[in-house]
Every structure is written in structure tokens, then in C-alpha cells.
Amino acid sequence: MEDVTGDDDTGRALSTRLVHHSYRPPQDFDAVPPGVFKASTVLFPNVSAMRQRDWRDKSAYTYGLHGTPTTFVLEERIATLEGASHCVLTPSGLSAIALVDQVFLRSGDQILIPDNAYGPGLAFARAELKAWGIECDVYDPMDPADLAARITSATRLVWLEAAGSVSLEFPDLHALMEVVRSANKARKGQTSDSFERLILTALDNTWGAGVAFAPFDYGVDIVAHALTKYPSGGADVLMGSVTTRDDRLHHNILMTHMRLGLGVGANDAELVLRGLSSIEARYQIQDAHTHELALWMQEQKAVAKVFHPAMPDSPGHAFWTRDCRGAAALFSVAFAPHHSSEQVDAFCDALKLFRLGYSWAGPMSLCVPYDMRQMRCREWSGSPYVVRFAVGLEAVDDLKADLQQALQVFDT
Ligand SMILES: *Cc1c(COP(=O)(O)O)cnc(C)c1O
């Protein structure tokens with residue numbers, strides 16, 4: 001083999017010659033997928049380069065945790081998906097949420113979270129944030145006046161989520177943002193460094209996925225996204241992202257992300273890059289199938305109510321109509337009150353194509369039964385036994401037939 005460096009390694013042992021092998025492939029390889037680069041250590045040609053390189057503006061590489069060509073490419077594509085200018089990747093959607101909290105909250109601050117938020121994010125606030133002296137309050141996302149009433153001088157971060165978890169209410173994002181804007185207007189007069197004192201807004205965009213609506217257009221400061229769901233689409237990888245349009249916010253996020261040692265593996269980034277190209281097509285077909293199944297379920301006699309933002313009597317339907325194109329792959333069903341929780345469980349067990357499992361936006365349809373009384377701070381009106389369906393990529397008629405055969409458990 002040709003020795004391109006001219007290094008003379010004769011006399012060195014085999015293990016040394018394998019590790020320090022001098023062959024380099026030609027540099028101009030180009031293909032549709034970006035390359036998968038794996039590294040902890042990144043090599044420098046000399047000490048001066050080692051001291052000068054800066055990874056923060058993506059102009060160079062210093063260490064695997066600070067970025068590789070593969071993670072830089074994925075960050076830039078996620079930023080494009082969200083309409084953002086900056087992105088950091090985290091090991092899961094939940095860690096993206098927790099990162100935002102850790103970057104911007106300090107002891108004595110208050111965080112406001114919608115009552116129908118993704119549960120584990122709320123759990124992080126109630127356990128870790130509380131232990132760190134950060135107060136967590138929960139607001140009714142369907143009542144902007146409730147949000148306004150809960151904002152105090154300590155409020156630093158307001159989370160938004162559209163649609164809500166399981167019950168899929170679609171909030172009036174414009175009105176909620178207006179509440180925060182007017183609270184910030186009142187604060188601006190009182191402080192010189194507004195950046196340190198203003199209320200920041202963060203939105204969990206996993207449901208909209210960058211396809212259904214554009215959170216930054218509402219003035220949201222930060223967007224978190226479980227790339228585990230739509231961007232991957234494969235049910236085979238866990239990842240999250242935090243994006244922003246603001247340089248200063250991004251700098252804070254990036255530095256805390258670095259100090260916490262959060263990073264993602266190259267193979268995981270590759271899987272998300274692979275899924276990302278088809279995100280819009282998958283979103284649309286799963287959306288169409290989900291809407292069809294939700295409409296069909298509404299007609300079944302065991303069913304009391306279907307939650308799906310595209311259904312006219314689903315909470316917040318008018319805001320969904322105003323703001324969104326598409327309603328994702330989720331719908332939830334409350335069964336008629338005379339049906340027992342045992343019957344609802346038996347219905348879930350009877351399903352053959354809808355498998356029992358958490359997560360969504362993958363190829364396989366899934367369901368999870370919930371007791372809504374254990375899920376909300378506010379009182380839950382109506383039947384508490386709710387099944388959330390996540391529609392996969394199977395043929396819609398097969399899924400309908402599966403629901404139909406399983407609904408027979410309510411006849412007995
Ligand atoms: C799944 C999900 C998350 C968390 O993502 P993980 O990668 O599973 O940690 C956060 N928010 C929403 C809305 C989700 O659906």
C-alpha cells in the first residue's frame with residue numbers, strides 16, 4: 001500500500017502500524033447521505049492548532065462531545081425544520097426539556113407548565129427543580145387568564161405544548177404568548193438587564209414536529225423536540241433537540257449543554273438523518289389515516305368522546321383550524337361511563353395490530369390506556385378511562401378492522 005505521508009514505519013510493531021496507519025482515502029467522496037463520523041478524540045496537527053480551535057461557532061472540531069461533521073449536519077437540518085438559527089442535540093426528548101430548565105432557572109425562580117404537558121417533564125420540575133429551590137406551578141392551557149393569574153415576580157420560564165399530552169387539547173398559542181408579552185412589558189420598566197429578568201417561553205414541538213405549525217412565528221423563545229418521534233420515524237432511536245433564533249439564548253444553552261456533558265452518538269445521529277428526509281411525507285400519511293380512524297371511532301357505540309384536534313368538538317379545535325396544517329398521528333378515546341376499566345383494558349389486550357407501548361410516530365400502531373383522574377391537577381370531567389392511539393404506517397383498513405374486532409369486548 002502506498003505510504004502517502006512518507007512516514008517510515010518500518011521497525012514499528014504491528015499494533016503501532018495499525019493505529020498510526022498512514023493511508024488516507026481521497027477526500028472528495030460525495031454521496032446522498034452525510035458521512036458518519038465517530039470520535040471522542042479529535043486530532044490536531046500541532047499545538048498551535050490545538051490552542052486556537054473553537055468549536056462553538058462550528059468552525060472547527062476539538063472533541064467528540066463538542067461536535068462532529070455528523071452532528072453538525074443534523075443540528076443544521078433540525079434548525080431548518082424548526083425555522084430556527086441554532087440547535088443543540090440531546091440524548092432524549094426528556095433531556096432536551098430538562099436542559100432548558102437547567103439553563104434558565106435558578107433557585108427562587110418559578111416555572112409554569114401546562115396541566116396537560118408531557119408527564120415526565122412535569123415530574124422533573126416537581127422533583128429535581130423543587131429540590132433546587134425552584135417553584136413549579138401548573139396552569140390551565142385552555143384558559144389564558146389562568147396563566148396570567150399564576151405569573152409572579154419570580155416567574156422565569158413558561159412552557160407551552162400543542163397539542164396537550166393524551167387529551168390533545170389545542171391551546172390558543174397567540175393568547176398565551178400575549179399574556180407573557182404583557183407581563184414582560186410590565187417588567188421592562190423595572191430592570192436594566194431585561195435578559196436576566198424577562199419571562200422566557202419554551203414550547204415542546206414534538207406533536208407539530210416542525211410540520212403542522214411554526215412555534216417561532218408566535219414569538220416563542222425556545223423549542224424542544226423529541227426527535228425520537230417524527231424526525232426519526234423508526235422507533236429505533238432516542239434523541240432530543242433544543243432550538244432557538246436568539247444568539248444569546250443559544251450561547252447559554254450551548255455552554256450548559258457542554259458542561260453537563262450531553263452528547264449524541266454518531267449512529268444515532270445517522271438514524272435521525274435517515275428518517276428526517278421523509279418526515280413531511282410520513283406526517284401527512286399518518287395524519288390522514290389518524291383522522292379517518294378518529295372519525296370512524298366517533299361513530300362506535302362504546303365510545304363517549306374522541307380527542308383529536310381536527311374533530312370539531314375536540315377542545316381547541318378552532319385554534320387548531322386557525323394555526324395548523326395537520327394533526328399528527330395521535331387520537332384518544334374516552335369510553336362510555338358505564339364501561340369498566342377492566343373492559344377498557346380487555347379492549348386494549350384484544351387489539352392485534354395496535355400493540356401496547358409508549359412513544360409514537362414510528363411504523364407500528366400503538367395504544368396506551370390511561371385513567372385521566374391520575375393525570376391532571378384540574379378535575380377531569382367525563383369518563384376517566386381514556387385510550388391513546390398512535391397510528392403507524394399500516395394500511396388504514398387493516399387498522400379499522402383491528403379496532404372493530406376489539407370493540408366486541410364491550411358487547412359482552
Ligand atoms: C416522547 C415525548 C417526549 C420525550 O421524548 P423521549 O425521547 O422519549 O425522552 C417529550 N415530549 C413529548 C410531547 C413527547 O411525546
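Ala334 stands opposite Val386 in β12. The strands concerned are β9 (residues 330–335) and β12 (residues 385–390), which pair in the antiparallel sense over five bridges. Strands here are DSSP runs of E with at least two residues, helices are runs of H or I with at least four residues, and both are numbered from the N terminus. Two strands count as paired if DSSP finds at least two bridges between them.

This is a predicted model, in which local features need pLDDT of at least 70 and side-chain atom pairs count only at pLDDT 80 or more, while totals for chains, interfaces and linings use all residues. Residues are numbered from 1 along each chain as its sequence is written, and side-chain values use heavy atoms, with hydrogens and water left out.

The pairing of β9 with β12 belongs to an open sheet of five strands in the order β8-β9-β12-β11-β10, with mixed pairing. At its edges are β8 (303–307) and β10 (355–356), each of which pairs on one side only. Ser359 has phi near 80°, a positive value in a residue other than glycine.

Another backbone feature is the cis peptide bond from Ala162 to Ala163, with omega near -5°. Ala163 lies in the loop between β4 (155–161) and α7 (173–188).

Now to the ligand. It is surrounded by 13 residues, the closest being Gly93, Leu94, Asp204, Thr228 and Lys229; a residue is included if one of its heavy atoms lies within 4 Å of the ligand. Helix α4 (residues 93–104) gives the largest share of this shell, three residues. By class, the shell has six nonpolar, four polar and three charged residues. In this scheme Ala, Val, Leu, Ile, Met, Phe, Trp, Tyr, Cys and Pro are nonpolar, Asp, Glu, Lys and Arg are charged, and the others, Gly among them, are polar.

A polar side-chain atom of Asp204 lies 2.6 Å from a nitrogen atom of the ligand. A polar backbone atom of Leu94 is 2.9 Å from a ligand oxygen atom. For Trp360, an N or O atom in the side chain is 3.1 Å from an oxygen atom of the ligand. The protein covers 88% of the 380 Å² of accessible area that the ligand has on its own, with areas from the Shrake-Rupley method and a 1.4 Å probe.

Conventions. Polar contact = N/O pair within 3.5 Å; in protein donor to acceptor, adjacent residues only side chain to side chain.
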